[in-house]
Amino acid sequence: MFQAGAWLVSQYYSLVHSYAGAIALVAVTIMIILTPLTLKSTKGMLEMQRLQPEMRRLQQAYRNDRQKLNEEMMKLYQEHKVNPLSSCLPLLAQMPVFIIMFRVLHGLSRLGSDGTFNPGYISKTSELYRSLDGRKEMLSFGLDLASRPAVIMGNDFVKGIPYALLVVVLAGLYFVQQRMIASRTVSPTMSATQAKIMQYLPVAFAIFQVFLPTGLVVYYATQAIIRIAQQWYITRRFYGGDNSIGRQAQAASATAREMAKDDKANKKKADEPAKEPGAPIVSKRVTPPKNKPTPSGNRPSRPIPPSKRGGGGAPGRPNK
């Protein structure tokens, strides 16, 4: 797998003679391959959203029977031919690609005993190998794609500014992409705080890129640009008309949110203790107020000194 990824980088480098250009073209190729899967998963996610009111009713009807609820959910999915895991497929497909690209960039910038590159995973007769062999940097547009932005900024902050700007650009692209998704999709069970976390989570992932090779930042920035174009196309295709699947999913989500609010209000009302009109309010105070005499029935018994007892009997003897 690593040799296949390095071969693809090598082929694109022979066309554009640029390390960044070759990595970007690999990202474009991967996104083209994954686009049909992304569109299919988006449609499946919208079909799931259309079922949210029905799912909410089932959750209320079988909230005390988890096994029956799961059975009814599976029947609902089978009836509407919906796969609840379809939206996870593009993410799962990209994880192996990330590992492959990470290892390929490390292999291409592998250092030999003399402290220079000794590229791995590619043929020694390839143009990419000859370009990297014996060098110490993988320079493209003034950036060393084999180095980590955090290391560059730690050694020389001024030299690391372009690397930091590249990471900031990646974070901005992720933010725009996530805003496009969030503007269309609202979960009935997700609070405003959770929605904000989901919106800014990709930005945090972009900041994490400072610890990875700069070539990966170029790879992800290219993918982010293509994803923004994908989201624009998805908006036009699935949300174009009032009867589109996207509009139906939004309406179903709104209905499910109202149902969730009603269920929460009914539960709160049921938990409140019932009060009869005109019933006296009984104080729960058990200690007597200060500076007020204690009722005689509740007055604690105290020992009476012998001098205050009736009669003049001798001490220690009971009076007659």
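Helix 3 (52-61) and helix 11 (245-271) each put at least two residues into the lining of the second largest pocket. Helices here are DSSP runs of H or I with at least four residues, strands are runs of E with at least two, and both are numbered from the N terminus.

Before I go on: this is a predicted model, where local features need pLDDT of at least 70, side-chain atom pairs count only at pLDDT 80 or more, and totals for chains, interfaces and linings use all residues. Residues are numbered from 1 along each chain as its sequence is written, and side-chain values use heavy atoms, leaving out hydrogens and water.

Which helix gives the most to this lining? Helix 11 does, with six residues. By type, that is one nonpolar, two polar and six charged residues. Ala, Val, Leu, Ile, Met, Phe, Trp, Tyr, Cys and Pro count as nonpolar, Asp, Glu, Lys and Arg as charged, and the others, Gly among them, as polar.

Now the chain as a whole. The protein chain has eleven helices and two strands. Starting at the N terminus, the order is α-α-α-α-α-α-β-β-α-α-α-α-α.

How many of the 320 residues count as buried? The share is 36%, where buried means under 20% relative accessible area, with a 1.4 Å probe and protein chains only.

Last, contacts, meaning heavy atoms within 4.5 Å. Of those between residues at least 6 apart in sequence, 67% join residues at least 24 apart.

Conventions:
Buried means under 20% relative accessible area, exposed over 50%, partly exposed in between (1.4 Å probe, protein chains only).
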